[in-house]
Amino acid sequence: MGRRKTSAELISEAKLYLGDLSTTTATAAAAMTAAGGARLVSTRRPITPREPGRVLYGKVALAGRPPSAFSMRYLQNEHHKPLTPPTPAGGTDLSLLNRRIVVDAKPRQLPALPGTAADSARPATRNGALLGQCSSEMLIEMLKQHAGLKDCSAETVQHINAILLELYTRVHKQERNFKRAFILGGLYGLVECTSPRILLAVARVVLALRVTGSNLTGACKLIFKVARHEQHDGLFHENDVLELLIDGLGHASPLDDPEACIYAYGCIRFLTASNAQERDDALNRNWAAGLEELSSPPPTHAAIAAATALTSSPSASDTRKLNGQQTLVSRLARHGAVELMILHLQMLNEAGATRRLSGPPLHTLYQLSAAMRALADVAQQQQRLQLQLQLACPHLIRAAEVSMGELEVQANVVRTLSVLSEDVECCDTLHSYAARIGLLLGPYSKGGQCSERMLAVLSRLGYMLGNILAKHETARVQYYHNDVAMEYLLNVLQQLSERPLASEPLLDAQIKLIRVVANMSVNADVGAGLGNVHALGAVLFRLLQNATVALGSTATESAQPAELLELLHATLGALHNLCFYQDNQTTSPAAASTTTMPSTAPTPTPTVAPAPAPGSLQSLIAELSTALAQTLKRCQSQYVSTKVELARVLGNLTRNELARRCFCAAGGLPLIVQQLTRQANGRDYELRTCAIGVLVNLLGDGEQRAPFLQLRGAELLALLLRGALEQEDWFLANIVCQAMWNLLIDAQCATALCRSGSILDEVSDLLADYLDEERLTAGDEANDDEPEEEQQSRKERQTEPEPETELETDAAPDALWEDFALVATDLLERIQNNFDKQQRQTTHIDNDDNDNDNDDVFIDKM
């Protein structure tokens, strides 16, 4: 007989059988269940602050930053000389300027185009053909007639836009018969116009001139001015201004032309991230919906398909906008925007390696990383862009190191990395940097005031590390063996756990960092080692107590803050994994003698481990067991999901002898029996399976079997077994049989049950009936209620030859039933042996008036 699975392993496998109630597909279920009983912990995206509109910096207060709003008075050439005469100190020219501004407010008469007298008599069409007859100098002169223009009519906008389009066409062809300064001088008077079409048209001409320096900065500011308003987004789909912007940035340096980069990347960020908040909300709603699904029965194939479609595509209300953004992002990617951003990122990193970045270059890094984050948000279905962003990951890690000490900038860089960590390919790149990313926690591990921005950085670092450790085994080992990274993580966790659970950002940071521990401990070696890490057990114990107390006496889970419940469940998830490896490491060798079912595998020689480290999980087994019993007792009947998480932890923890004693001393056995009396539907079903797994472990101790019988436990197990078998729930029947087996190990319990007879008789009949393999196929053949026509049709179909593959599939026995059959057969034999021994003992007693102690000893040995 092969090795029997432990109850924790069976419960872990049950998640797959139940459709894994925390995910929506079988594939995701397999990913969320790790080998050996440990499991991964999922979470929402970190909290994203809401901005009132498109602003360059939001609430950030950076010294010397360029303004979000500005007024452009002129454009300058590359030599930084004004293209218009300077205003004299006297008042004459100022009065002329004031008069010009006043005149601007009146309706303008459009200048006439050259042509015949007959043409002048007709209404001016101002089409491209007429403009094409004009020289470039005449086009500039026509623009100068509108110098100082602000508000204007639609006809004026159409006329000026036509002139600028013709001028752009000529400049784009690289005509050499005009001077760049002359054209820029003609464009000067239009930069204060309120028409976004005119501003973009002016910027196109300026960028087509391949300007650099302050003229490039001016063009970027014009585009930024238009991009600040979401209603103007459609204008960027009508022309090639984004491609021209990337070409212009290709001639700029983030160190020498930082303002041009700041406003250009600000434009890209606005145009590609207008729905970033909505997407974050949608993702978190889908994640929360997955938790709500836990209270429902296992999903059908149709429900799984629908849920998968929901989580893998944007909501219907966002489809139109998201498609527009994807179009802009695709254009930027094809034109080399990401490669240029990576180049600028490298230049900033190289400068930051030799000196501390400050001023405009630092602000450039802020906008560049934010723009890259916006691209990553829209790029989920664009393979080319994903591959490009994958190359940016190492440079962003370096940028996070370079910006250390500049909290606002580093928060933006880390935020970008956290979004990229959601992508499989980017996560593959990041996994070799896991420990290096962990070192970014260093400045925050020294204590001090915890600002909201600092908590945001911690939350995103934890989210990124949690994503990496959820996917890569090597990253778990690498991070654990980096002593400095582990020290920083534990210090930060310890500091956060000592703070009152008052703010949402604090809860979010704690959730994300606890998830790092939980996902790291999926690895067997790491999980076993973390159980003896100094202070980690105390941190988890404190968080468990704080979250439990904070839940208060509210009647339902739905009335609790989502973050508080998530923190409690994340803490229980970490404890679940760590407790799996602490079965008998802190107890005496006698603890290893308790088994759930017989096995032919050799029993390892138990060893006594050295004294556990202070504050480690191993040193707090007793306190943790008592606390879990108290938490389970405090949970109201409506706290189903929390009870399931508690039962999962107890399923692993009660494999430890000391934990079993302390849990039962705190009244744990009646609590577990209480959970087994609930209705077996939805999440209650999972609670029932987990509770039976705990019961299997508790009944492994002889001290708990008699109290269990006093709680009418045998009747309860028989009832559960009947219900499971009638539903053909082989997994549930399997673990119920294991609990019954451990109960019958006790000779006194077996004797008492054999004397009563009815319970074991019922169990024996059930097992004998459902162990009959013919019963599995009998249901398909027993169709007596079918009409004669249907019976005849079915017989005809049965006579038809079936494909060989189908025959093989039908003949393959149910794997869950096979596991049940192995356990049930052993249990049935034990029951029969107990009946036989009881009968022989009764016969012997009838023939001998004196009590024979040898019979009792014989039964005890059995």
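Rings of Phe, Tyr and Trp (its six-membered ring) pair if their centres lie within 6.5 Å; planes under 30 degrees apart count as stacked, over 60 as edge-to-face and the rest as tilted. By that rule, this protein has 5 aromatic pairs. Take phenylalanine 580 and tyrosine 581: their ring centres are 5.2 Å apart and their planes sit at 85°, so this pair is edge-to-face. Both phenylalanine 580 and tyrosine 581 are buried (under 20% relative accessible area, with exposed over 50% and partly exposed in between, using a 1.4 Å probe and protein chains only). Elsewhere, ring pairs tie Phe224, Tyr263 and Phe270 into a cluster.

A word on where this comes from: it's a predicted model, where local features need pLDDT of at least 70, side-chain atom pairs count only at pLDDT 80 or more, and totals for chains, interfaces and linings use all residues. Residues are numbered from 1 along each chain as its sequence is written, and side-chain values use heavy atoms, leaving out hydrogens and water.

| Arginine | Ring | Distance from ring centre |
|---|---|---|
| Arginine 204 | Tyrosine 168 | 3.9 Å |
| Arginine 655 | Phenylalanine 580 | 4.6 Å |

So much for the rings; now the whole chain. The protein has 43 helices and 0 strands (DSSP runs, H or I of at least four residues for helices, E of at least two for strands). Of its 862 residues, 53% are buried.

Note on methods:
A charge sits over a ring if NZ of Lys or CZ of Arg is within 6 Å of the ring centre and within 35 degrees of the ring normal.
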